[in-house]
Every structure is written in C-alpha cells, then in structure tokens.
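Subject: A structure for you to look at

Hi there,

I am passing on the structure we talked about, and my notes follow below it. Have a look at the model first, then read on.

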Amino acid sequence: MTTAIDVWGDYFSIAKWQAVVAEALESGDSKPIANINPNDSREFDAIFLGGGAAGRFGAAYCRALGGRVLIIDRWPFLGGSCPHQACVPHHLFSDCAAQLMLERTFSGKLWFQNLNDKMVSIKNIVELFRNGRTGPHAVMNYQSKEQLGLEFVLNAEFSIVDPQTIQVGECQFQAKNLVLALGAKPLVAEIPGARLKGVFNSQTLVENLDYEPANTIVVIGGGKSAIEYGCFFNATGRRTLVVARHQVMPMIKDVESRAYAILMMEEQGMEFLENAGFMAIQGDSQDKVKSVSIKTPSGIINVDTDFVFLGLGEQANSEQIAQILGLETGEKGFIKVNRHMQTSLPNVYAVGDLTGPPMEMFKARKEGVCAAKNIMGQVSEYKAADYPDFMHTHYEVCWLGLSEEEARKRYGNVKIMKLPPDNPNGFDVGLPAGDRMMLYLMAKPRMSGFQKLIIDGDTRKILGAFHIGYGAKDGFQYLNSLVKKGLTIDDLADMDELFISPSYFIQLCRLRAGDPHFKNM
Ligand code: COM
C-alpha cells in the first residue's frame, strides 16, 4: 500500500476529516487512508471487513477487551451506510415530514406560512443531505481514530486471499479471525420497468436524484421504508400512492394502533392500494418513467408519474464473499450464523445487515459486540428478539411487547389503558396531550396522537405498549428493558413524569395503581 495516505500519529480534527472525506468522495480518488500503528507488532485478533455499525462497534469492543483489530472499508469514512445512505437521511426525511405536517396543519395561521396547495422541493432536501453528510462521516472518523484508537484502512478495495489474509493493493493483512460486516442493499425489483430513469430506492434517491419530482409519486412496498419515505414525499405536498402486494404496515400488530396510524396518514392525503397484483412501470422514449400500471381486484389502473420509489426490503452484500469463502447463505444471500455470530467456517464471523433481518442499528451493533466478545475469549450469544420497534409516518410510531390481540390470546385478564379514552367523540378529544403535541391538542385534537398500554390484570405486569405521537422513541428503549424484567403498573406509577401526559403512561398507571382490581381506562 505504498500510495496510501498515512494518518497514524497525526491529530485529525472533525473539520479536517470532513475535508478529507469530501475530497475522496468528490474526486473518486481510490487512495487508501491508513491508520495503522507501526509500533504495534502484535498480530491482529480480527480484521473487520466493513466499518459500519456492526464492524465499528465490534472493533471498538474487541479493542476495549485488549485485542488488536483492523477495519477495512471501501468508503473513506466509518459508520457505513448509516451516515451515508440509510439512517441519517431517513431520520432527516422523517423530521421534515413531521415538521411539514405541523406547517400544513396550521398553514396560514399563527406564525405559519401558507403552504396550502404548495409543494416543497424534494431535490433541495436531498441536496442538503448530500452536501451535509460529510459532517456525520467526519464525526465517525474522529471518534474512531482519536477517541477509540481504532486502526483502519478506508477508501480501500480489498480481496480475500484466505480466511486469515486480506489483500489491499500490494499489502496483505493477517488476522486470527475475520469478521464480515459488509451490510446489505435494497432488493432489486422484479417488476417490468424497474430499471428506468426515475425509479429510485433509498440508496439511489440520495445519490442520483437530479430533478424535481412532479406532483404524483408511486411507492411500491408496504413495509417500513416504503411507508417512511412515502410519508415524506406526501408531506412535501405530492400525491403519494403506496402500492403493496399484501397489507401495508403489517408490523404494527395492535389493530387499533395500526388503524389510527393509517387513518392519520390518510388524513394527510396518503393513498394505499393493498393486495395489488401485477405491476409494471412504463417509460418514455428516453427511458424515463412516465406511468405505472397496477392490477387491482377491480381492474388495471394507470397512474402518471415521473418518480417511483421502491421500498421492497434488502438483500445481503454477500455475493462474492460467500462464494470465495464457501459460506452457507440463506434467503436473499444473508450469511448464516449461529448465536455466537460464527459462520460455517471456523474463525469467520458475520454481523449486521449481512446476517439478515431485523435491519436495525441496535441489532448490527450488538452482533458486532457479540462477535468481538467471542473472539476475545468470552462466550457470548445474541439473537434479536423482544426488541422495541418504531416506524416514522408523519408521526413517530413506537411499540414494544404484545398487541392487545396477542395478549388476549395468551392471558385471561387483559387490561387496557389508552388515550384518547373510548368516548363518543372518537379521536376528537385533545388526548393524549403528549410531548410536542400541544398545538394539535388545542387546535386539531384528533391529531394529538394515540397511546395504549396492555397489562396482565392478574400479575399487574406490562405486556405491551404502543405510542403514536412524538418523543417516545428514547423512552421506549428503556421501557422495553424494564418490561422484560417484569415492570408492573405499580412500578410505572412510582416513576417521576416530566410532562402532563408522559409518553410512558406513568400518570394513567398512578391513577389506577391503588386498586387491586383495577379496570380498563
Ligand atoms: C452511526 C454509525 S451513523 S455507527 O453505528 O455509530 O457506526
């Protein structure tokens, strides 16, 4: 690697990293950026191929346990797809959707500008992200180098010589263990016309969008990314039609919570077409999308559009690696691992999106840490289960544990606490008066969200929780852990709420907690 940029021993500020990453991305320069300690002669305990959430957290943990690790990544930054094409833009777009829903709800009132019938630019927001993402990139590199002391080679193409040897340029690196953390990519749709210009997925949207989509967008898929991106497009003022082969949002298991989420999306103008059969995307003479045909139970419909978004799930970045190493793979190329994150080859581990769903940050990071512990001689097992989950619509939707329906199948004495309460006005009451919902509460009460707690009336233990509104994501992370440890209505009643109607049901539980035979509320 004679031509590498050697950064070892030099202090790199966040601003300096930002410039280095921007330059590498803009120029397409493939000169590796090497941060390797020349004074450490120990063999690497592990090479992490891929420095995203799984690789970076695994490497940091290995090092924390006293190991020597090297991360190799083809991008000039650590953090993987998260800061580049996945979580960070997704959160930006979701923030925009929430902000735009507020602006549209109060359009022309109070201090709000008049957004009625106005579209805002999608291209500008995408460009804002594209120009700003080197900030998060730089933070990743700074933290990894200056604070965590990680060794890495970035901006580097690599090849696998054998499970202990990785080649970068003319240089070979050897390690006792190999950890594959190469991530996943959006599934390619088997839909006629899916390769036309104007058909995007979450990656190509941020990389390639170079025009302003017109006023109708078709989203194909019914899962998280289809809905989350769809709500963003809709919030920009465009007609947004979500077309799913089956149901939309099947992951929100609680029937009432899902219904509220869908109702509010529909009130924002989202259109859903479920159980859609054959679909085809038609192009014009320049291979640019011009319409989509969809087979519905009541016949074929055609929708004119210049922008189609595919949110169809992910497939593993495993093609070459699985073949070279002869690894066992499953559906969509996901690498098979045991609970120690070991692949079918000794001393070869796989972590993160490469091992399959859930394609979530916490799962990637925890799998990285699990592999690290095993590599360093601790026995560790991990399988993502019983985790809290969320989805961004125009709102944040969070949930954990069992839905009401699931709970009733398993328990004989299920109690429910919810806001708004069952009442003749339906949702037209200003409850829950949750975090960041106060304007809605006063002026558009039906939009002020939905909360539901599911409790076993016999043991008083919390079985599940659902929240639609804002500000609950953070709390649900902690709440889930407490619920798994047996949190009861009485424990919740004893907490200290920081808001009138806290996102975690503290006040409702306190109102009922004294009663040994408490009722629904
Ligand atoms: C966050 C990436 S953007 S990582 O999980 O911290 O590596």
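A crossing of two helices is called left-handed if the near helix is turned anticlockwise from the far one by less than a right angle, and right-handed if it is turned clockwise. Before the findings, a word on the source: this is a predicted model, in which local features need pLDDT of at least 70 and side-chain atom pairs count only at pLDDT 80 or more, while totals for chains, interfaces and linings use all residues. Residues are numbered from 1 along each chain as its sequence is written, and side-chain values use heavy atoms, with hydrogens and water left out.

**Helix pairs**

Helices (H or I, at least four residues) and strands (E, at least two) are DSSP runs, numbered from the N terminus. Two packed helices are described by the angle between their axes and the distance between the axes. The axes are lines fitted to C-alpha atoms, for helices over the stretch in contact, and angles run from 0 to 180 degrees between N-to-C directions.

Let us begin with α2 (residues 53–64) and α11 (residues 361–375), which pack at about 35° with axes 7 Å apart. The crossing of α2 past α11 is right-handed. Contact here means heavy atoms within 4.5 Å. On the α2 side it involves A53, A54, F57, G58, Y61 and C62, and on the α11 side M361, A364, R365, G368, V369, A372, K373 and I375. These residues divide into 10 nonpolar, two polar and two charged. For the classes, Ala, Val, Leu, Ile, Met, Phe, Trp, Tyr, Cys and Pro count as nonpolar, Asp, Glu, Lys and Arg as charged, and the others, Gly among them, as polar.

Next come α4 (residues 87–105) and α8 (residues 224–235), at an angle of about 40° and with axes 8 Å apart. That makes α4 oblique to α8; angles under 35 degrees count as roughly parallel, over 145 as roughly antiparallel, 65 to 115 as roughly perpendicular and the rest as oblique. The crossing of α4 and α8 is left-handed. H90, F93, C96, A97, L100 and R104 of α4 meet E228, Y229, C231, F232 and A235 of α8. By class, this contact of α4 with α8 has eight nonpolar, one polar and two charged residues.

The pair α1 (residues 14–27) and α6 (residues 134–147) packs at about 120°, with axes 8 Å apart. α1 and α6 are therefore oblique to each other, and α1 passes α6 in a right-handed crossing.

**The ligand**

Which residues surround the ligand? They are A53, R56, F57, G79, C82, P83, M140, M361 and R365, each with a heavy atom within 4 Å of the ligand. An oxygen atom of the ligand is 2.7 Å from an N or O atom in the side chain of R56, and a ligand oxygen atom is 2.9 Å from an N or O atom in the side chain of R365.

**Backbone details**

Most residues other than glycine have a negative phi, and most peptide bonds are trans. The peptide bond from L419 to P420 is cis, with omega near -5°, and the bond from L431 to P432 is cis, with omega near 0°. P420 is in the loop between β22 (414–419) and α13 (438–443), and P432 lies in the loop between β22 and α13. N155, in the loop between β5 (151–154) and β6 (159–162), has a positive phi, near 55°.

Enjoy exploring!

How values were computed. A polar contact is a pair of N or O atoms within 3.5 Å; within protein, one must be able to donate a hydrogen and the other to accept it, and residues adjacent in sequence count only if both atoms are side-chain atoms.
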